[in-house]
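Take a look at the protein and its ligand below. Start with the ligand, then move to the rings.

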Amino acid sequence: MERKTVGMDDALYDYLLSVSLRDDDVLRRLREETAGLEWARMQIAPEQGQLMALLTRLMGASRALEVGVFTGYSALSVARALPEDGRLVACDVSEEWTAIARRYWREAGVDGKIELRLAPATETLDRLIAEGGEGSFDIAFIDADKESYDAYYERCLVLLRRGGLVMIDNVLWSGAVIDPEDETADTRAIRALNAKIGADKRVEAVMLPVGDGLTLARKA
Ligand SMILES: C[S@@+](CC[C@H](N)C(=O)[O-])C[C@H]1O[C@@H](n2cnc3c(N)ncnc32)[C@H](O)[C@@H]1O
């Protein structure tokens, strides 16, 4: 098929950010502090955070879920777009990385909206379902260990209301999804979920070349 999506070199990407990024001091400092960490590449792209905030507002979301917090950039972006009485349940296993997240959430004044649950995310999501959370979330973001992506996707679909949105990160996996030599567990898991969502009648979905690839799937 003829390609109509623009290729993006560094100069064009810098232009995109220069004319469209709504940045501020907290976001900038969180990016700078995270850039000093060994696993800095795990942080989402700034324009992706901005897109997720916009989607959160467009959805009129008040209940949000996040699987994979790291230093808190995506959670901060979404939490700021929630109303004052909105809630984001954020799942991670790392005390160390989420301590940085908490610091910036507090600074941004959104710490009261975020409930951080430190446990394997499948356990937290199963607990939310057991607590009666089925159909009670407006929006969810999946960005943790790739081998569990399918488990997270299935649980998020249960927890989302009809018309709710699940966003799945790293769906292009730096291009590894089309590398026939790459049969690592992470890559296979992402490929399998991409194929599954492509044909999943329970959702209406689109895969976007934003960041490392972002799928948006609306629960029918
Ligand atoms: C790609 S990072 C998340 C990046 C984050 N969304 C951001 O905006 O910077 C993945 C996170 O998933 C967490 N994680 C890994 N395995 C997990 C599990 N089984 N349950 C919950 N979180 C997990 C890691 O600790 C890490 O913080």
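The paragraphs below go from the ligand to a pair of aromatic rings.

This is a predicted model, where local features need pLDDT of at least 70, side-chain atom pairs count only at pLDDT 80 or more, and totals for chains, interfaces and linings use all residues. Residues are numbered from 1 along each chain as its sequence is written, and side-chain values use heavy atoms, with hydrogens and water left out.

Now look around the ligand. The surrounding residues number 20 (a heavy atom within 4 Å). The closest are G68, S74, D92, A121 and D143.

Next come polar contacts, pairs of N or O atoms within 3.5 Å. A polar backbone atom of G68 is 2.9 Å from a nitrogen atom of the ligand. For a backbone N or O atom of A121, the distance to a ligand nitrogen atom is also 2.9 Å. Y152 uses a polar side-chain atom, 3.4 Å from a nitrogen atom of the ligand.

Finally, turn to the rings. F70 and W97 form an edge-to-face aromatic pair (centres within 6.5 Å, planes over 60 degrees apart). Their centres are 5.0 Å apart, with 80° between the planes.

Definitions and conventions:
Polar contact = N/O pair within 3.5 Å; in protein donor to acceptor, adjacent residues only side chain to side chain. Phe/Tyr/Trp six-rings, centres within 6.5 Å; stacked < 30°, edge-to-face > 60°.
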